[in-house]
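Me: I've got a model open and want to talk through a few spots in it. Can you take my questions one by one?

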Amino acid sequence: MNDPLLSLQDLVKDYAVRVLDVSRLEFRSGQIHALLGANGAGKSTLSRIIAGLLLPTSGSMTLDGHTFAPENKLAAEAAGVQIVQQELNQISTLTVAENILLGRLPTKFGVIDRTELDRRARIALDRFGLEDISTDTVTGTMGIGRQQMIEIAAALDRECKMLILDEPTASLSAGESEKLFDWLDRLRKRGVAIIYITHRLEEVVRIADRVTVLRDGRHALTCPISEITVDELVDAMTGETGQSESRSDHPSFATCEPALKVVGMSRGRFVRDVSFTVHRGERLGIAGLVGSGRTELLRLLFGADRAERGDVFLSNDPSPRRFRNPAEAVAAGLAMVTEDRKESGLLLPLSIRVNATLASMTKQFSWFGLIRSGDERDVAERTRELMEIRCNSIGQPLETLSGGNQQKVAIAKWLVHDANIFFFDEPTRGIDVSSRRRIYKLFDQLAADGKAIVIVSSDLEELIQTCDRIAVMSVGRWVGEFERDQWSAEKIMQAAFSNPVSLHETVPSF
C-alpha cells in the first residue's frame, strides 16, 4: 500500500532562469503527501510536469515501475494521474454536467445522451455532498467556491492512481473542506497517492502523512508530518528562523468618522436588504458560508452588478449613490481586489508594469493622452519591492508568475491608485505564509492611513487576526456583527448557519 508509486530523478525546468531542480523525490500509494513552499518555490511547476501540462527541461520519472513521460494532460490521465489546479479549468458556458464529464460525454447514435449525462453527473455531485447543485446549471453563473467544488467532484469521479490537488480549499468553507477531507481519507484507504499543495499549515497537520518543502525551486526537506512542527515548516519554507508571531493584539486605527454607509442593498435572493457602516481606519471582516452572498454584496457596492434597491453614502456626503459600473466606483475612491484574479482582476498576457499601473493610468501616468512611461516604470518598480513580487523584471508577462505573485500584483494596482475604501475578496487565496504576513501588515498600514477596509474571507482565523469587527452573512442576509472583544469562532459559525431558508425557497447556487 505504501510502496513508491511515482519517483522523480534529476527533474529540471528552465525558462529564462531555472525554476525547478529536484534531484530525487518519491510519492507513495495510500498516502497524502503535502507539498509546501513559498510562492514561486516550484510547487505548481512540479505538479504541472507530473500532470503532463508542462514538459521538463531534463530529468526522468517512473510511475508504478514504468517510465513516465506524459506529453500532455490526456496522456497523464490515461496513466492514472488526475489534477485539480489552483486556477479553475472549466468552460463557463457549459453546464455543470457537461463540465464534470468533459472529454468522456456519453453518446447514443453519435449524439450526446442527455439522460445518461445527467445521471452520471448527479452521482458525482451527490457523492461529494453537492445535492443542492443542479446538473443543468450553467457553470459560469456560480461563484468560484461552487465552481471549485464541481471541479474537485469531477476529479474524484475518475478512477486514478494519483490525485494532485493545488490549493483545493482556497475558496471552500469549513464545512465544505471537511467533506473534501473525508473523501481524501477514503481515497487514501483505497491506495491512491495524493499530492496536496496548500498554504494552510493547519490542513497539513490535519490530513497529511508526509510533507515535502521546496524553496527557490529546490528540495529543502521531506519527512513524516509527525516528525516536524509548524514553526519548523515555516522556517524550511522561508530559510529563516524565529519568524512566528501572534497578531491577536494588533492595534486598532478605527475612527468614528463613517467612510462608507450602505442602506438596504438588495438583489433578488442573493443579497437581501443589507445595511452597514464601515469607518475610516476600520478593518471590517465579512464571514459566511460559500453562497451566503458575501461576494455578491461587494460586486453590487462596486457597480460590477446592478442592485435592485439600496443606496451608498460616502464619508459625510448626504447624497445617496448607486454605482452603475466599476469605473464610477473607482472614480469615487473605491478599490476592489476580486476573488478571481484570472477572470476579473488582471490582464495575464501583459506585463507586471502594465497591470500594476493600469487602474491609475488616467489619474497618474498620462498627460494629454500620452503615457509618462518613466513615472509609470518607477512606481511599478517601487510597488514590486513593497509587495516583494518574485520576478525577473517588471516587464515580465504576468502569466509567467506563480499564482501567489499574481495575487500580489492584483493588490498592488490598487495601492498605486491610492483609493479611500478597499474591498478585498479572498485576498490571501494562493498566498504563502510569508506573503500572507506582508498582506496583513499592509492592512495595518492602510488602516493607519485612514483607509476603510472590507475583507471577505473563507478563512475565519484570517478575519480574527486582521479585523476590528466581523460581520456574518447567511443566505444573502446580514445576520450578525461582533466586536473584537465579543467574538469567538463558535459564535461566528453559529451565526453563519443561522437564518435557515424556508421550505418554499432554495439556497442560491452561486
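Me: Which backbone oxygen lies 2.5 Å from a polar atom of the side chain of arginine 469?
Reply: This is a predicted model, where local features need pLDDT of at least 70, side-chain atom pairs count only at pLDDT 80 or more, and totals for chains, interfaces and linings use all residues. Residues are numbered from 1 along each chain as its sequence is written, and side-chain values use heavy atoms, with hydrogens and water left out. Arginine 469 sits in strand β22, residues 469-474 (strands are DSSP E runs of at least two residues, helices H or I runs of at least four, both numbered from the N terminus). The oxygen at 2.5 Å from its side chain belongs to threonine 277.

Me: Is arginine 469 buried or exposed?
Reply: Its contacts (heavy atoms within 4.5 Å) include Thr277, His279, Glu282, Glu481 and Trp487, leaving aside residues up to four places away in sequence. The cut-offs are under 20% relative accessible area for buried, over 50% for exposed, and partly exposed in between, with a 1.4 Å probe and protein chains only. At 6% relative accessibility, arginine 469 is therefore buried.

Me: What stands opposite lysine 261 in β16?
Reply: Strand β13, residues 258-267, pairs with β16 in the antiparallel sense over five bridges. Across in β16, lysine 261 faces phenylalanine 313.

Me: How many bridges join β1 to β2?
Reply: β1 (residues 4-14) also pairs with β4 (residues 58-63), antiparallel, through five bridges, with leucine 6 opposite leucine 63. On the β2 side (residues 18-28) the strands run antiparallel too, and serine 7 has glutamate 26 as its bridge partner. The number of bridges between β1 and β2 is nine.

Me: Which residue in β20 is the bridge partner of valine 337?
Reply: In a regular strand the side chains alternate between the two faces of the sheet. Strand β17 (residues 334-337) is covered on both, with Leu334 and Met336 buried on one side and Ala335 and Val337 on the other. It runs parallel to β20 (residues 421-425), joined by four bridges. Valine 337's partner there is phenylalanine 424.

Me: How many of the eight residues of helix α1 are buried?
Reply: The buried ones are Lys43, Thr45, Leu46, Ser47, Ile49 and Ile50. Just after α1, glycine 52 takes a positive phi of about 80°. The helix, residues 43-50, is largely enclosed by the rest of the structure because its buried count is six.

Me: At what angle do the axes of α5 and α6 cross?
Reply: Axes are lines fitted to C-alpha atoms, for helices over the stretch in contact, and angles run from 0 to 180 degrees between N-to-C directions. Helix α5 (residues 144-156) and helix α6 (residues 174-189) have axes that come within 12 Å. Arg146, Met149, Ile152 and Leu156 of α5 meet Glu176, Leu180, Trp183 and Leu187 of α6. The crossing is roughly 10°.

Me: What share of the 510 residues is buried?
Reply: The protein comes to 18 helices and 23 strands. Of contacts between residues at least 6 apart in sequence, 66% join residues at least 24 apart. The buried share of the residues is 55%.

Note on methods: Pairing = 2+ DSSP bridges. Polar contact = N/O pair within 3.5 Å; in protein donor to acceptor, adjacent residues only side chain to side chain.
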